[in-house]
Amino acid sequence: MKNIVLIGFMGTGKSRVGHMVARRLGLRFVDTDDRIVEKLQMPITEVFAKLGEPKFREIERNVVAEVALKEGQVIATGGGVPLFDENVQNLKRNGIIICLTASPEIIYRRTMGSDARPLLSVSDKLEQIRTLLDRRQAYYAVADHQVDTSSCPASVVARKIVELYKADGSSQG
Ligand code: S3P
């Protein structure tokens, strides 16, 4: 049974929706950011501040490689995971890749109350979201499917993903 891999920008609902999809299909849920936090025993903001982004990316690549070895999981990835081809290759081997998308304004609204994302800890957050989205568009395009979450409740997004997974034949084993 293939993995369902959720990629996409911060604030597109990968973790929330991933949980729902896993529950509906009876699959294990894994979140790469949570794995990093567990491994290092520190929040992502602290990893960036103490070890720097390049080290965070290295740890992230190791976590992705480890997680991708197993099957039958729903994997929510950090927004920067597709920036590294090694991650994409590992996740594609036994996974259907689904990119969650949302408009910059919606992402801004969903992320503004939290300071848990170091890349969005800047004075003009909306501008930063637009810039990063632009820069990352080509990386997110590696997905097998895109699902826009801008105007959909998480439960509807989860249902769409379950349908895509079943239609893909991935649940057949
Ligand atoms: C990042 C996204 C974050 C987290 C880190 C870097 C990114 O995860 O991995 O702050 O580069 O887009 P979420 O997408 O779950 O917020």
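Tutor: Asn94 sits in the loop between α5 and β4. The model is a predicted one, and every value below is computed from it. Is Asn94 buried or exposed? Its relative accessibility is 13%, and because buried means under 20%, Asn94 counts as buried. Apart from neighbours within four places in sequence, Asn94 is in contact with Lys2, Asn3, Ala68, Leu69, Lys70 and Glu71.

Helix α5 comprises residues 85-93, of which Asn87, Val88, Asn90 and Leu91 are buried. Viewed down the axis of α5, these buried residues fall within an arc of 165 degrees, so they line one face of the helix. This pattern may be read against a general rule: an α-helix has 3.6 residues a turn, so residues three or four places apart point the same way. On the face of α5 turned away from the buried side are the exposed residues Asp85 and Arg93. Which elements cover the buried residues of α5? The cover includes the strands β1 (3-8), β3 (73-76) and β4 (95-101), together with helix α4 (53-67).

Leu164 lies in α8, which covers residues 154-167. With a relative accessibility of 23%, Leu164 counts as partly exposed. Beyond its neighbours within four places in sequence, Leu164 is in contact with Ile96, Ile98, His145 and Val147. Leu164 and Val147 are separated by 17 residues in sequence, and their C-alpha atoms are 10.0 Å apart.

A further helix to consider is α6. Helix α6 (residues 104-111) has Pro104, Ile106, Ile107 and Thr111 as its buried residues. Down the axis of α6 these residues fall within an arc of 160 degrees, so they too line one face of their helix. Helix α7 (125-140) is included in what covers them. Thr111, in α6, has a relative accessibility of 2% and therefore counts as buried. The side chain of Thr111 reaches the backbone oxygen of Ile107 at 2.8 Å. Setting aside neighbours within four places in sequence, the contacts of Thr111 are Met10, Gly11, Arg117, Leu120, Lys125 and Ile129.

How many residues surround the ligand? There are 13, and the closest are Lys14, Asp33, Arg57, Arg117 and Arg136. A polar atom in the side chain of Arg117 lies 2.7 Å from an oxygen atom of the ligand. For Asp33, an N or O atom of the side chain is 2.7 Å from a ligand oxygen. An N or O atom in the side chain of Arg136 is likewise 2.7 Å from an oxygen atom of the ligand. On its own the ligand has 390 Å² of accessible area, and the protein covers 94% of this.

Gln41 is placed in the loop between α2 (32-40) and α3 (44-51). At 68% relative accessibility Gln41 counts as exposed, whereas Asn94, at 13%, counts as buried. The phi angle of Gln41 is near 55 degrees, a positive value in a residue other than glycine.

The protein chain has eight helices and five strands, which follow the order β-α-β-α-α-α-β-α-β-α-α-β-α along the sequence. Its radius of gyration is 15 Å, close to the 16 Å given by the globule rule for 173 residues, so the chain is as compact as a globular protein of that length. The C-alpha trace spans about 45 × 35 × 25 Å along its principal axes. Of the 173 residues in the chain, 47% are buried. Among contacts with a separation of 6 or more, 74% are between residues 24 or more positions apart. The chain exposes about 8700 Å², of which carbon and sulfur atoms supply 49%.

Methods
Residues numbered from 1 in each chain as written. Predicted model: local features only at pLDDT ≥ 70, side-chain atom pairs only at ≥ 80, totals over all residues. Heavy atoms only, no water. Buried < 20%, exposed > 50% of the residue type's maximum accessible area, 1.4 Å probe, protein only. Helix = DSSP H or I, 4+ residues; strand = E, 2+ residues; numbered from the N terminus. Arc of directions from axis to C-beta. Contact = heavy atoms within 4.5 Å. Near = heavy atom within 4 Å. Polar contact = N/O pair within 3.5 Å; in protein donor to acceptor, adjacent residues only side chain to side chain. Areas by Shrake-Rupley, 256 points an atom, 1.4 Å probe, with all protein chains shown as cover. Rg over C-alpha atoms; globule rule 2.2 N^0.38 Å.
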